[in-house]
Every structure is written in C-alpha cells, then in structure tokens.
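Here are some friendly notes to read alongside the model. Please keep the structure open as you go through the points.

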Amino acid sequence: MKSFIFSFLLLSTTLALLPFVVFSSSFTSTNPIVLPTTTDDDKGFPISGFSEVLDINGEPLHVGEEYHIISAIRGAGGGGVYLTYVGNTKCPSGVLQHWSDTRPGMPVKFVTTHSRPFNVVRENTDINIMFSVSTSRLCVNETVWKVGDPDLTARGTRFVVTGGTLGNPGPETINSWFKIEKVTKQAPFYKLRYCPDKLLCPECHPVNCLDVGVTDHFGRRRLALTNQPFMVFFRKFQKTDG
C-alpha cells in the first residue's frame with residue numbers, strides 16, 4: 001500500500017512539472033522566443049520588431065552608409081534619384097529621377113530616430129533621408145529631404161525637395177520624415193511614404209499620408225506625394241559609381 005501511494009505521488013509531481021520542463025526547454029540560444037512587444041529607446045520613441053529593409057543583394061540597410069535609390073521597374077521605369085536645381089534657387093533643391101535606367105543617380109544616407117543593434121533601417125519606421133554629395137559651404141545643410149509646400153505651378157502638388165532637418169522631432173521638422181514599406185513578398189522592392197508617426201509631433205496630427213511617387217513637371221521626373229508609389233530597390237554605393 002505504501003509503495004502504491006509513493007508511486008502515485010511521484011507520478012503526480014512529474015506531471016505537474018512537465019509543462020514547466022517543456023516551456024523552459026524553448027529558452028535556448030538556438031530557439032529564442034521572440035515576443036510581439038514594443039520597447040522604447042531613451043528618447044521615448046517606439047521601436048517595433050519590424051523587418052529590416054534589405055538592399056538588392058539581400059543585405060540590411062545600415063544607418064549612415066551610402067545607397068542608391070533606383071526604380072524597380074527596368075527600362076521605361078527609369079533610373080535612380082538625384083539632386084539638381086529646380087527654379088531660381090541658390091542651392092540645388094529638386095529630388096528627381098533619371099529617365100535612363102542605366103543611371104543610378106546620387107547616393108543617399110538614412111538616419112533613424114533611434115539606435116538599433118547594428119544600426120539597421122527597419123520597415124515602417126520614421127527616417128530622414130539625405131543626399132551624400134559634395135556641396136558648397138552655402139548649401140552644406142541643404143541635402144536633407146523634406147516634403148515641400150503645395151506648388152502652384154503644378155496644381156498644388158507637394159514635391160519632395162531638400163532643405164529638411166535631421167532629427168529634432170516637432171512641428172518645424174514634421175515634413176522631414178519618411179517611411180520605407182515593402183511592396184513585394186519575395187524581391188526586396190519597396191516604396192517611400194510620407195506618414196510621420198504621431199509621437200514625432202502629437203499636435204501636428206492628423207497628417208495626410210501619401211506615397212512618394214514620380215510626376216512629370218515640365219518634362220522632368222520629380223518625386224512628389226501621389227497616390228501612385230514609386231517602386232524602388234536600394235543598391236549599396238560603390239566608389240566606381242562615381
């Protein structure tokens with residue numbers, strides 16, 4: 001009888017511990033549990049577990065490194081983006097796309113609102129974009145992208161221009177934030193979108209979120225806010241690109 005009671009108690013204890021043993025076994029270095037949570041950095045901005053943005057070779061985009069933004073549609077889709085003069089301005093401020101798909105354009109850098117491991121750019125998070133080109137002293141601070149005011153020569157179109165600000169979220173910089181969103185399941189093709197997060201400027205919301213597309217403006221392809229996204233891929237800049 002004592003033997004039976006002891007066996008019963010031993011079996012009960014084993015069954016009670018079984019869920020704990022199975023659950024604990026999942027906490028290994030080869031099978032980490034990734035919880036769908038959001039953490040905040042030291043400035044209070046949310047850092048979500050969104051996927052890394054990849055370049056055309058499948059490598060993550062790194063903050064501060066140089067990349068080309070090139071049309072994902074070859075041939076008639078055109079080439080990469082570049083900075084040039086539009087109108088009578090002291091500094092080049094137009095963000096345009098080359099007509100030819102053989103021209104990769106000028107390199108850009110991405111800056112995020114937070115620091116992630118390896119400083120990678122992630123999908124659907126707010127970023128600044130800036131051309132990484134040589135400029136005069138007068139124009140050294142005129143390379144950051146922003147959404148311009150409605151252009152009366154183009155029926156109120158809001159073009160993407162330079163003259164934006166890095167960081168410093170608030171009402172004065174709300175037009176300087178962009179997001180990168182994936183548009184295909186397999187290939188690393190993306191679109192740029194203007195839809196700044198509410199935490200960047202609570203008093204600025206609601207904002208009119210739109211994709212960054214390409215529109216014809218006096219025979220030139222200019223980046224602008226549209227309902228038709230400009231599908232792109234990112235290629236790491238090489239010194240041989242010029």
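1. Let me begin with C209, which counts as partly exposed because its relative accessibility is 23%. This is a predicted model, so please read every value here as computed from it. C209 is bonded to C195 through a disulfide, with 2.1 Å from S to S. About that S-S bond the torsion is 65 degrees, making the link of C195 and C209 right-handed. Both C195 and C209 lie in the loop between β11 (190-194) and β12 (210-217), so the bond ties together parts that are 14 residues apart in sequence.

2. Which cysteine is joined to C201? The partner is C204, and here the S to S distance is 1.9 Å. Because the torsion about the S-S bond of C201 and C204 is about 60 degrees, this disulfide is right-handed. Is C201 buried or exposed? C201 is buried, as its relative accessible area is 1%, whereas C204 is partly exposed at 21%. The cut-off matters for C204: buried means under 20% relative accessible area, and C204 has 21%, so it is classed as partly exposed.

3. Next comes the disulfide of C91 and C139, whose sulfur atoms are 2.0 Å apart. Its torsion about the S-S bond is about -90 degrees, so this disulfide is left-handed. The pair links distant parts of the chain, 48 residues apart: C91 sits in the loop between β4 (81-84) and β5 (94-97), while C139 sits in the loop between β7 (127-131) and β8 (145-151). Both ends are hidden from solvent by the relative-area criterion: C91 is buried at 11%, and C139 is buried at 6%.

4. How many disulfides does the count come to? The count comes to 3 disulfides. With the bonded cysteines of the protein chain numbered in sequence order, the pairing reads 1-2, 3-6, 4-5.

5. The peptide bond running from H205 to P206 is cis, and its omega is near 5 degrees. P206 belongs to the loop between β11 and β12, which is also where C195 and C209 are placed.

6. For R155, phi is near 55 degrees. R155 is located in the loop between β8 and β9 (157-162), and it is exposed because its relative accessible area is 86%. For F218, phi is again near 55 degrees. F218 is in the loop between β12 and β13 (220-226), and F218 is exposed, with a relative accessible area of 69%.

7. Finally, a word on T112, which is part of strand β6 (residues 108-112). Why does T112 count as buried? Its relative accessible area is 14%, and the cut-off for buried is under 20%, so T112 is classed as buried. Leaving aside residues up to four places away in sequence, T112 touches V63, D126 and I127.

Technical notes. Residues numbered from 1 in each chain as written. Predicted model: local features only at pLDDT ≥ 70, side-chain atom pairs only at ≥ 80, totals over all residues. Heavy atoms only, no water. Helix = DSSP H or I, 4+ residues; strand = E, 2+ residues; numbered from the N terminus. Buried < 20%, exposed > 50% of the residue type's maximum accessible area, 1.4 Å probe, protein only. Contact = heavy atoms within 4.5 Å. Disulfide = S-S within 2.5 Å.
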